[in-house]
Protein chains: 2
Amino acid sequence: MAPTGKLATDLVQALERDIVTGVLKPGDRLDERSLSERFAVSRTPVREALQTLAGTGLVTTMPRRGTVVASITIAELIEMFEVMAELEAMCARLAARRMARVDVEKLFALSAECAALRDHANADGYYEANVRFHEAIYAGCRNAYLERQTKNVRNRLSPYRRLQLHRPGRVERSSDEHADILKAISTGDAVQAGDLMRAHVAVQGEALNDLLAIVPRAYLEPLAS
Amino acid sequence: MAPTGKLATDLVQALERDIVTGVLKPGDRLDERSLSERFAVSRTPVREALQTLAGTGLVTTMPRRGTVVASITIAELIEMFEVMAELEAMCARLAARRMARVDVEKLFALSAECAALRDHANADGYYEANVRFHEAIYAGCRNAYLERQTKNVRNRLSPYRRLQLHRPGRVERSSDEHADILKAISTGDAVQAGDLMRAHVAVQGEALNDLLAIVPRAYLEPLAS
DNA sequence: AAGTCATTTTTGGTATACAAAAACACATAG
DNA sequence: CTATGTGTTTTTGTATACCAAAAATGACTT
């Protein structure tokens, strides 16, 4: 009818946001018809959007059985954290060698922002600042491809990462680690920056056993519910 | 009409193969209608396949301007080799720690296969054996996610990698490096295996300046031809 | 009463049709 | 001769209609 002129790309962005921010939880069904009427478009662009999201791994499409927000098994979660730690370490290592002074200044500001929020018992606020700090380091590696890849893994893990910070004492430790990483970067100690970042990320992966006791059931079940 | 029952997934595989093997070269237009009649399907599954390929980065879709086989600029190529080297190094490092003895035996066989082909002036044959050797190491890291990611980067680089081996002396050196990497893996020296693999892959990236003089023009031009 | 098979219903996959935008070509004017 | 503008053509993007397959439900049989 009224050809909206809006692109299917918008759907990808909207759904991605809903998944990353947790509005849509792993395992949630993504019904093509409901989505099409919710966004006031036909099923075709909805299908294309889901296809794209399936490519990034955010949703899982089982042939003839529909698409759901991707659930990750514990084994996959551990694997992804292992890769994530290495990619972030690489970002930090390269950032220590390549980051411009002016960008390091901005990184100091972001670190201060994190530190300011650490005591406010505001885990969500800290989470946002934390994301900005890490993304500034991704950008600092001066490797756009690495930056994209790292953000992609982060996005897939984000529904699970968010829960991590609710563990007691994690915010404080995280903030301290940020300061150490920043110090290594600002002094150009690439190896140290990489090692610290790897540990900073890996500690979340290592805490997966603890996670088992905290996380809602739906987050952990494999795709076949 | 005749409902094929076959999945659009087949199209992805076919196109992927054509791109990876070089039948379709970077910059080639992928016209939806021609593809649909070539594969005897309608435009819908073709579009879905292209959407999927765009997700993996093998093709580039410019809104309203069609999709082409992804061209990579020199800058992107360097970036991707930088990431590739690190991912493969990680695979080798983990493989040295986790690979089963029986799989190491198979790796020895693959290495011997490479060595056997090194003197046959058969660059394509060596290329295939080389791929199998590397993929065996990916599998050996026992991290399916890392394996997928690494294969993905490799696929995107493959049109450019293939040319590397045609450089004089490269096959021989590559084969020697395989032997050294294998030795480190079989003795469980994880750090050494990682470092050797990183160098093994990175040397191709470092040779990009040489590549400039060899590669066909079409391979290097940015998307906007 | 329970299990199995058939039918119905829902939903995913494909094809076709239509609209809009961009590429192309030709013509005309400067 | 070149450059710009308009009309045509090609092609992408979206909508709708159709078909097939799987899940759900109900009836019949054992």
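This is a predicted model: local features need pLDDT of at least 70, side-chain atom pairs count only at pLDDT 80 or more; totals for chains, interfaces and linings use all residues.
The contact between the two chains involves 22 residues of chain A and 22 residues of chain B. The size of an interface is often given as the accessible area lost when the parts come together. For chain A and chain B this buried area is about 2400 Å², with 49% of it on carbon and sulfur atoms. Between the two chains 6 salt bridges are counted. A salt bridge is formed by the side chains of R47(A) and E48(B), with an N to O distance of 3.2 Å. Polar contacts across the interface of chain A and chain B amount to 16 residue pairs, both residues being at pLDDT 80 or more. On the side of chain A that touches chain B, helices α3 (43-56), α4 (74-98) and α7 (144-164) each supply at least two residues. The greatest contribution to this side comes from α4(A), with 10 residues. The composition of the side of chain A that touches chain B is 9 nonpolar, 4 polar and 9 charged residues.

N143(A) is located in the loop between α6 and α7 of chain A. With a relative accessible area of 0%, N143(A) falls under the 20% cut-off and is therefore classed as buried. Leaving aside residues up to four places away in sequence, N143(A) touches E79(B), E82(B) and V83(B). With E82(B), the side chain of N143(A) makes a side-chain to side-chain polar contact of 2.8 Å. A polar atom of the N143(A) side chain also lies 2.9 Å from the backbone nitrogen of L146(A).

Helix α6 of chain A comprises 18 residues, 123-140. Buried residues in α6(A) include A123(A), G125(A), Y126(A), Y127(A), A129(A) and N130(A). Also buried in α6(A) are V131(A), F133(A), H134(A), I137(A), Y138(A) and G140(A). Just after α6(A), a positive phi of about 60° is found at R142(A).

D10(A) lies in helix α1 (residues 8-20) of chain A. The relative accessible area of D10(A) is 36%, between the 20% and 50% cut-offs, so D10(A) is classed as partly exposed. In sequence D10(A) and P45(A) are 35 residues apart, whereas their C-alpha to C-alpha distance is 9.8 Å.

Notes: Residues are numbered from 1 along each chain as its sequence is written. Chains are lettered from A and ligands numbered from 1 in the order in which they are written. Side-chain values use heavy atoms; hydrogens and water are left out. Helices (H or I, at least four residues) and strands (E, at least two) are DSSP runs, numbered from the N terminus. The expected span of a helix is 1.5 Å times one less than its number of residues. Buried means under 20% relative accessible area, exposed over 50%, partly exposed in between (1.4 Å probe, protein chains only). Contact means heavy atoms within 4.5 Å. Buried area is the accessible area (1.4 Å probe) that two parts lose on being put together, summed over both. A salt bridge is a side-chain nitrogen of Lys or Arg within 4 Å of a carboxyl oxygen of Asp or Glu. A polar contact is a pair of N or O atoms within 3.5 Å; within protein, one must be able to donate a hydrogen and the other to accept it, and residues adjacent in sequence count only if both atoms are side-chain atoms. Ala, Val, Leu, Ile, Met, Phe, Trp, Tyr, Cys and Pro count as nonpolar, Asp, Glu, Lys and Arg as charged, and the others, Gly among them, as polar.
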